[in-house]
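Biologist: Could you walk me through this one slowly? I am new to reading structures.
Modeller: Gladly, let us look at it together.

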Amino acid sequence: MARGWPATLSDGLIGVRPLTRRDASTWARLRAENLEWLSPWEATLPRGEGTAPDSYGATIAALRRKAREGLAMPFAATWAGDMVGQVTVTGITRGSALWASIGYWVARSHAGKGVTPTAVALVCDHLFTKAGLHRIEISIRPENAASLRVVEKLGFTEFGLAPRYLHIAGDWRDHRVFQLLKEDVPHGVLERLRQERPPA
């Protein structure tokens, strides 16, 4: 089991909790309603690499297996307790590296409400404090302005461009690569986000 897993975290209306099999119908509805919104940023499998899981059940089973192996943490992002997106930690590496990668999405209906930056901040703080990681990486397509704003708000540092990094929407796509180190945020990622927000 991944250290620090399972975990439920919140900040006001926004929270994260483990994805479960009970989320299947909500997940399917959100994915169907947001297909056009999400598809430009969704990973696809190149020819010859098999097929993606054809159901939520298969997807969550694979993620839960990786969580048991200590390699992943699949979170539902929530608004007032309702699932509105997902934050997934993958590639958890221990030993001398202590790092992981984060990916995320949110329903269009909740974009602009602070769900994604807050949910990612909650997860980052958890990874640094409870999971004992030192470094978190997020890779983003250069065209994804909304996602780039998330890493800016959270204080991630860009350290390179990865040409043809991931197969997305049917082709290999370049990604800008960002990292956050534990020592970059001595008071926490959520606290840094709060400082970034304008006064109410």
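Modeller: Let me start with two helices: helix H5 (residues 145-154) packs with H6 at an angle of about 105 degrees, and their axes are 8 Å apart. That makes H5 roughly perpendicular to H6. Please keep in mind throughout that this is a predicted model.

Biologist: Which residues in H5 and H6 meet?
Modeller: On the H5 side they are Arg149, Glu152, Lys153 and Leu154, and in H6 they meet Val189, Arg192, Leu193 and Glu196.

Biologist: And how do the axes of H4 and H6 cross?
Modeller: They cross at roughly 150 degrees and come within 7 Å, where H6 covers residues 189-196. Angles over 145 degrees count as roughly antiparallel, and H4 and H6 are therefore described that way relative to each other.

Biologist: Which residues make that contact?
Modeller: From H4 there are Pro117, Thr118, Ala121, Leu122, Cys124, Asp125 and Phe128, while H6 brings Val189, Leu190 and Leu193.

Biologist: Changing topic, how many aromatic pairs does a search of the whole structure find?
Modeller: The search finds one. The partners are tryptophan 5 and phenylalanine 75, which are arranged edge-to-face, with 4.9 Å from centre to centre and 85 degrees between the planes.

Biologist: Where do tryptophan 5 and phenylalanine 75 lie?
Modeller: Tryptophan 5 is in the segment before strand S1 (9-11) and phenylalanine 75 is in strand S3 (residues 73-79), so the pair ties together parts that are 70 residues apart in sequence. Both tryptophan 5 and phenylalanine 75 are buried.

Biologist: What joins tryptophan 5 and proline 6?
Modeller: The two are linked by a cis peptide bond, with omega about 0 degrees. Proline 6, too, is placed in the segment before S1.

Biologist: Which residue lies over the face of tryptophan 105?
Modeller: That is arginine 31, at 4.8 Å from the ring centre. There is also arginine 135, whose charged end sits over the ring of tryptophan 99, 5.2 Å from the centre of that ring.

Biologist: Follow-up on arginine 135: which side chain makes a polar contact with its side chain?
Modeller: The side chain of glutamine 179 does, at 2.6 Å. Glutamine 179 lies in strand S8 (residues 171-181), and once its neighbours within four places in sequence are left aside, glutamine 179 is in contact with Arg135, Ile136, Glu137, Phe156, Thr157 and Phe159.

Biologist: Last topic, the backbone: what is the phi of alanine 80?
Modeller: Alanine 80 has a positive phi of about 55 degrees, although it is not a glycine. This residue is found in the loop between S3 and strand S4 (82-93). Arginine 164, which is not a glycine either, has a positive phi of about 50 degrees, but arginine 164 is found in strand S7 (residues 157-168).

Biologist: And is arginine 164 buried or exposed?
Modeller: Arginine 164 has a relative accessible area of 51%. The cut-off for being exposed is over 50%, so arginine 164 is counted as exposed.

Methods: Residues are numbered from 1 along each chain as its sequence is written. This is a predicted model: local features need pLDDT of at least 70, side-chain atom pairs count only at pLDDT 80 or more; totals for chains, interfaces and linings use all residues. Side-chain values use heavy atoms; hydrogens and water are left out. Rings of Phe, Tyr and Trp (its six-membered ring) pair if their centres lie within 6.5 Å; planes under 30 degrees apart count as stacked, over 60 as edge-to-face and the rest as tilted. Helices (H or I, at least four residues) and strands (E, at least two) are DSSP runs, numbered from the N terminus. Buried means under 20% relative accessible area, exposed over 50%, partly exposed in between (1.4 Å probe, protein chains only). A charge sits over a ring if NZ of Lys or CZ of Arg is within 6 Å of the ring centre and within 35 degrees of the ring normal. Axes are lines fitted to C-alpha atoms, for helices over the stretch in contact, and angles run from 0 to 180 degrees between N-to-C directions. Angles under 35 degrees count as roughly parallel, over 145 as roughly antiparallel, 65 to 115 as roughly perpendicular and the rest as oblique. Contact means heavy atoms within 4.5 Å. A polar contact is a pair of N or O atoms within 3.5 Å; within protein, one must be able to donate a hydrogen and the other to accept it, and residues adjacent in sequence count only if both atoms are side-chain atoms.
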